[in-house]
Amino acid sequence: MQPCAIIAPVRKNSERLAELLLVLVVFIWGANFIVMKAAFREFPPLAFNAVRMTVAALVLGAMWLFRERAQKMPVRDWLQLLGVGLVGNALYQILFAVGLDLTTSAISSLLIGTIPVWAALLAMLLGWEKISKKTWFGIAIAFVGVTFVTLGSAPSTPVAKDPIAGNALTLGAAICWASYTVLSKRLLERYSALRVSAVGLLLGVPGLWPFAVADLRLVDWRSLPPSVYGSIFYTSCLSIALAYLIWSYGIQQLGAARTAVFNNIVPVVTFLLAFFVLHEPVSWLQVLGGVIVLAGVWQTVRQDKRASAR
């Protein structure tokens, strides 16, 4: 039997496994917004975020030390990782947590989904990439959708205390993560994704604690329901650590372009879960805006992939 006849089915099975696991990640990430929003009812947002990110940093840090601790880095790269870590794992998380507390989980996931748009703009401003006319078109579409989503938000509801402020903070969070993504590219050319992610977490997460200490002092750990501890485990070990491993496996088996497509499905999952689980109100203008945002993001990502392929 020819080797190719054996390798082809194995490769095909590996790709199918990767696709199934990525679907699992889509549901994990889609539900992450719901789990966090529910946890905020029992646990202050900034305090909850500091705890869950610390757990995630310790888990990924342990994985990094186990696999790659022998490789050394110059001081310059440590400083770069400190910078991107503070932007991506401190500032982003603060804006994201407070924004999610003020708006709905569905809208939060949708606005976080605009990260590719902000990343394209930042890469252009830094002179690292050029933006085609079709990419500009996708960016414009996404902004129109964001406007519709914001205009369709109710002034205040029990699940969204201040949607306008929450939406603005969430967009700020998306810009922070886009900055982290773009600024990490040069580091990823020299180091593994595990090292950049783990070290970025270990260096950036301490930046969360000054904003969380006051709330943490008020938390009565004994009176917290088991669901809160489950939420901490879910949002750290599953949505960050496990999802990272699966996402890396997906890129290995399917490539970055095919893997990235799965990320666009996350807001859809969150919208459905938010409506049926949390009973969050969704207006028709928000639904229309959501569809427009996803179309704009898809257009931006599609053109970005084509440009990268060239």
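A residue is called buried when its relative accessible area is under 20%, exposed when over 50%, and partly exposed in between (1.4 Å probe, protein chains only). Keep that in mind for this tour of a predicted model, where local features need pLDDT of at least 70, side-chain atom pairs count only at pLDDT 80 or more, and totals for chains, interfaces and linings use all residues. Residues are numbered from 1 along each chain as its sequence is written, and side-chain values use heavy atoms, with hydrogens and water left out.

**Stop one: Thr170.** Select helix H7 (residues 163-188) and find Thr170 there; helices are DSSP runs of H or I with at least four residues, numbered from the N terminus. Is Thr170 buried or exposed? Thr170 is buried, because its relative accessible area is 0%. Now show its contacts (heavy atoms within 4.5 Å). Leaving aside residues up to four places away in sequence, Thr170 touches Leu95, Gly99, Leu100, Thr103, Ser108, Leu111 and Ile112.

**Stop two: His279.** Move to the loop between helix H12 (266-276) and helix H13 (284-309), where His279 is found. His279 is exposed, because its relative accessibility is 61%. Look at its backbone too: although His279 is not a glycine, its phi is positive, about 55°.

Definitions and conventions
Helix = DSSP H or I, 4+ residues; strand = E, 2+ residues; numbered from the N terminus.
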